[in-house]
Amino acid sequence: MEEQKKGIGKGELIALIVSSCIGTGIFGITSDVAAAAAPGPALLAWIFVGIGFLMLVLSLNNLSEKRPDLTSGIFSYAGAGFGPLGEFISGWSYWLSAWLGNIAFATMLMSSIGTFFPTFKGGQNLPSIIVAIIFCWLLTILVNNGVESASFVNMIGTICKVLPLVIFIIMMVVCFKAGMFTADFWGRVADNASKGTTTGSVWEQMKGTLMTLIWVFIGVEGASVMASRAKSLTAAREASLVSFGILVVIYVLISILPYGALTRAELAGMGQPAIGHVLQATVGNWGSILINVGLIISTIVSWLSWTMLPAETTMLVADDKAMPSVWGKVNAKKAPTASLMITAVLQTIFLFSLLFTDKAYEFAYSLCSAAILFSYLFVGLYQMKYSSAHQEWGQFTIGLLSAAFMFACMFLAGWQEVLLVSISFIPGFYIYYLACKENARKVTTAEKWTMALILILSIVAIWLVANGTIAIS
């Protein structure tokens with residue numbers, strides 16, 4: 001009989017996992033999915049992505065059970081399997097993804113505020129960017145002074161996230177028309193392209209949704225971390241799987257039901273936050289107000305939590321000596337000041353760059369999604385390596401499917417974003433070199449070859465941006 005211990009019960013754990021995974025992405029998913037795919041291809045894309053992330057969750061569950069000694073987050077699996085450089089690449093990618101996610105938070109927040117104050121409409125003009133920068137530094141200062149998201153603040157954020165989403169789903173069910181839903185089920189209407197939507201094969205439409213769907217699943221790795229607080233391993237595994245299932249159902253309903261209330265072209269043309277505009281079009285202004293108020297509060301609460309996340313990432317990687325110690329040095333309030341300040345400066349610079357891109361929110365979350373694929377890929381690869389060494393072939397297959405899914409997303413949907421992310425390793429590898437020097441560790445020949453390959457990709461990326469092959473506007 002499995003030993004019970006003090007900890008979080010299964011129901012509480014499910015609530016924590018679901019709350020932590022639902023962010024701002026779900027509020028904008030309706031228009032982004034509709035622009036890329038009709039209902040049929042979108043449903044197939046959800047099946048594909050759902051299976052891929054299920055393999056990731058199963059891998060994380062297995063590794064957290066088999067390697068409880070690895071406590072530095074998911075990047076510790078990269079370190080255990082592929083050495084310090086593997087951990088650095090995973091941690092650097094995760095850090096990059098985390099603060100790019102905050103850029104997406106900023107643009108979505110200002111778009112929501114623009115509903116009430118037209119000066120900020122669209123979320124990426126100069127007034128919006130200035131206010132977003134003020135938010136960024138205010139939250140950085142709060143976290144640097146030891147102010148993290150208390151449980152009651154998280155509770156408020158959770159209610160503001162979930163309640164509008166539940167109302168949205170109910171309204172979409174009430175407004176659902178089967179004839180409208182099936183009218184262009186596979187996206188074959190010839191004039192779709194003239195209405196801001198994508199035509200083409202089912203597979204092309206599926207590919208167009210992948211980065212959007214990955215974006216809303218970022219944070220699912222937190223299930224593994226939270227599961228370690230459960231009363232038993234059985235409860236932890238069950239909670240991880242149940243919460244994952246709940247998330248899939250919520251995501252699918254919110255992205256698919258609107259096809260039965262508005263035309264695909266109408267959905268694709270919605271501004272952000274999309275579900276607020278959908279409710280405004282179907283039930284009136286009160287729907288938009290409800291969604292936007294909830295989103296504003298939810299985003300600020302989530303942004304507070306995610307301000308600490310990039311700093312926590314570098315702190316853990318620095319503790320494992322894969323980054324210089326300054327990145328992990330904490331102040332009297334136990335906050336990593338240097339990492340927080342570096343991250344805030346980079347976010348400030350990136351926010352100004354959004355003046356030069358037409359779709360700031362989509363650009364930010366696409367880069368965020370591409371960056372985290374590296375971290376997720378290492379989980380699948382280490383699951384394969386560990387399971388092979390212990391001849392656990394069922395678990396090896398799960399790791400293989402997880403890694404194959406991440407590779408597929410990189411090459412099929414996000415290759416341009418992956419190349420852009422590779423540019424970040426130009427300064428990144430210098431930081432890794434400083435860590436090696438600080439810890440009197442030589443850079444191995446294999447590490448030099450790996451870095452050279454990634455740096456070649458970064459040079460290719462710069463060249464493709466310069467000649468216009470990769471557009472950032």
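Buried means under 20% relative accessible area, exposed means over 50%, and partly exposed is in between, with a 1.4 Å probe and protein chains only. Keep that in mind for Ser458. At 1% relative accessibility, Ser458 counts as buried. Ser458 sits in helix H19, residues 445-466. What does Ser458 touch, leaving aside its neighbours within four places in sequence? Ser422, Ile423 and Ile426 are in contact with Ser458. Contact here means heavy atoms within 4.5 Å.

Now some ground rules. This is a predicted model, in which local features need pLDDT of at least 70 and side-chain atom pairs count only at pLDDT 80 or more, while totals for chains, interfaces and linings use all residues. Residues are numbered from 1 along each chain as its sequence is written, and side-chain values use heavy atoms, with hydrogens and water left out.

On to the whole chain. How many helices and strands does the protein chain have? It has 19 helices and zero strands. Both are DSSP runs, numbered from the N terminus: helices are H or I with at least four residues, strands are E with at least two. The radius of gyration is 22 Å, close to the 23 Å that the globule rule gives for 473 residues, so the chain is as compact as a globular protein of that length. That radius is taken over C-alpha atoms, and the rule is 2.2 Å times the number of residues to the power 0.38. Along its principal axes, the C-alpha trace spans about 65 × 55 × 45 Å.

Of the 473 residues, 55% count as buried. Among contacts with a separation of 6 or more, 82% come from residues 24 or more positions apart. The chain exposes about 19,400 Å², and carbon and sulfur atoms supply 69% of that area. Areas come from the Shrake-Rupley method with a 1.4 Å probe; for residues, only the protein chains shown count as cover.

H2 covers residues 25-36, which makes 12 residues. From first C-alpha to last, H2 reaches 16 Å, close to the 16 Å expected at 1.5 Å a residue. The expected span is 1.5 Å times one less than the number of residues. Is H2 largely enclosed or open? In H2, 11 of the 12 residues are buried, so the helix is largely enclosed by the rest of the structure. Among the buried ones are Gly25, Ile26, Phe27 and Asp32.

Now the loops. Most residues other than glycine have a negative phi, and most peptide bonds are trans. Here are some exceptions. Gln272 and Pro273 are joined by a cis peptide bond, with omega about -5 degrees. Pro273 lies in the loop between helix H11 (264-268) and helix H12 (274-283).

Gln391 is not a glycine, yet its phi is positive, near 55 degrees. Find Gln391 in the loop between helix H15 (360-389) and helix H16 (393-412). Gln391 counts as exposed, at 62% relative accessibility.

Ala440 also has a positive phi, about 50 degrees, although it is not a glycine. Ala440 lies in the loop between helix H18 (425-438) and H19. Its relative accessible area is 74%, and Ala440 is exposed.

One last stop: Lys359. Lys359 is in the loop between helix H14 (337-353) and H15. With a relative accessible area of 55%, Lys359 is exposed. Where is Phe48 relative to Lys359? The two are 311 residues apart in sequence and 26 Å apart in space, C-alpha to C-alpha.
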